[in-house]
Amino acid sequence: MGYDLSVIDKSTSAIFLFDGYKLRTRAKENAFVAAVGDLKQGEILRLFTDHNPFDLIRKIVIRYGSKLIFQYLHNHEGVVVIDFKKVG
């Protein structure tokens with residue numbers, strides 16, 4: 001399985017990986033939200049998970065608003081990959 005690296009622009013300074021399998025636990029969700037909060041401008045946190053984390057995305061959007069953008073890189077049942085990038 002390949003990923004389209006053209007979606008990563010030149011302002012990206014680092015990509016950090018987060019294993020979100022079994023993300024449905026509150027502790028793992030809180031760890032992910034904290035990791036997103038620790039990103040510096042231009043950094044990406046890449047989430048790998050086994051389901052579409054709609055509730056988690058909603059929480060992050062409410063908390064960080066326009067300071068963060070996200071993009072699905074892969075979205076098929078059992079395999080979801082999402083990039084979260086700090087922009088402001």
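This is a predicted model: local features need pLDDT of at least 70, side-chain atom pairs count only at pLDDT 80 or more; totals for chains, interfaces and linings use all residues.
Of the 88 residues of the protein, 35% count as buried, where buried means under 20% relative accessible area, exposed means over 50% and partly exposed lies in between, computed with a 1.4 Å probe on protein chains only. Residues are numbered from 1 along each chain as its sequence is written, and side-chain values use heavy atoms, with hydrogens and water left out.

Let me turn to the overall layout. The secondary structure comes to two helices and four strands, taken as DSSP runs numbered from the N terminus, with H or I over at least four residues for helices and E over at least two for strands. Read from the N terminus, the elements follow the order β-α-β-α-β-β. If we take contact to mean heavy atoms within 4.5 Å, then among contacts between residues at least 6 apart in sequence, 68% join residues at least 24 apart.

Now the sheet, where two strands are said to pair if DSSP finds at least two bridges between them. The four strands make an open sheet in the order S1-S2-S4-S3, and the pairing is mixed. Strand S1 (14-19) and strand S3 (68-76) stand at the edges with a single partner strand each, so one side of each is left without a neighbour in the sheet. From one strand to the next, the twist averages 20°; here axes are lines fitted to C-alpha atoms, for helices over the stretch in contact, and angles run from 0 to 180 degrees between N-to-C directions.

S3 and strand S4 (residues 79-86) run antiparallel and are joined by eight bridges. Along this pairing, Leu 68 stands opposite Lys 86 in S4, and His 74 has Val 81 as its bridge partner in S4. The two strands form a hairpin with two residues between them, and Gly 78 in the turn has a positive phi of about 90°.

Which helix packs on the sheet, touching S3 and S4? That is helix H2 (residues 54-64), whose direction makes about 165° with that of S3. The buried residues of H2 are Leu 56, Ile 57, Ile 60 and Tyr 64. They cover an arc of only 100° around the axis, which puts them on the same side of H2, the arc being that of the directions from the helix axis to the C-beta atoms. What covers the buried residues of H2 includes helix H1 (26-37), S3 and S4. After H2 comes Gly 65, whose phi is positive, near 50°.

Helix H1 also holds Asn 30, which is partly exposed with a relative accessible area of 46%. Asn 30 and Leu 56 are 26 residues apart in sequence, and their C-alpha atoms are 9.4 Å apart in space.

Next, the aromatic residues. The structure holds four aromatic pairs, counting rings of Phe, Tyr and Trp (its six-membered ring) whose centres lie within 6.5 Å, with planes under 30 degrees apart called stacked, over 60 edge-to-face and the rest tilted. The rings of Phe 70 and Tyr 72 have their centres 6.3 Å apart and their planes at 70°, so this pair is edge-to-face. Phe 70 counts as partly exposed at 37% relative accessibility, and Tyr 72 counts as partly exposed at 27%. Together with Phe 18, Phe 32 and Phe 84, these two residues form one aromatic cluster.

Finally, two local sites. Is Thr 49 buried or exposed? Thr 49, found in strand S2 (residues 43-49), counts as buried at 0% relative accessibility. The side chain of Thr 49 makes a polar contact with that of His 51 at 3.4 Å, the criterion being a pair of N or O atoms within 3.5 Å, where within protein one must be able to donate a hydrogen and the other to accept it, and residues adjacent in sequence count only if both atoms are side-chain atoms.

Lys 22 lies in the loop between S1 and H1 and is exposed, with a relative accessible area of 62%. Lys 22 touches Lys 28 and Asp 50, not counting residues up to four places away in sequence. The C-alpha atoms of Lys 22 and His 51 are separated by 8.8 Å, although the two residues are 29 apart along the chain.
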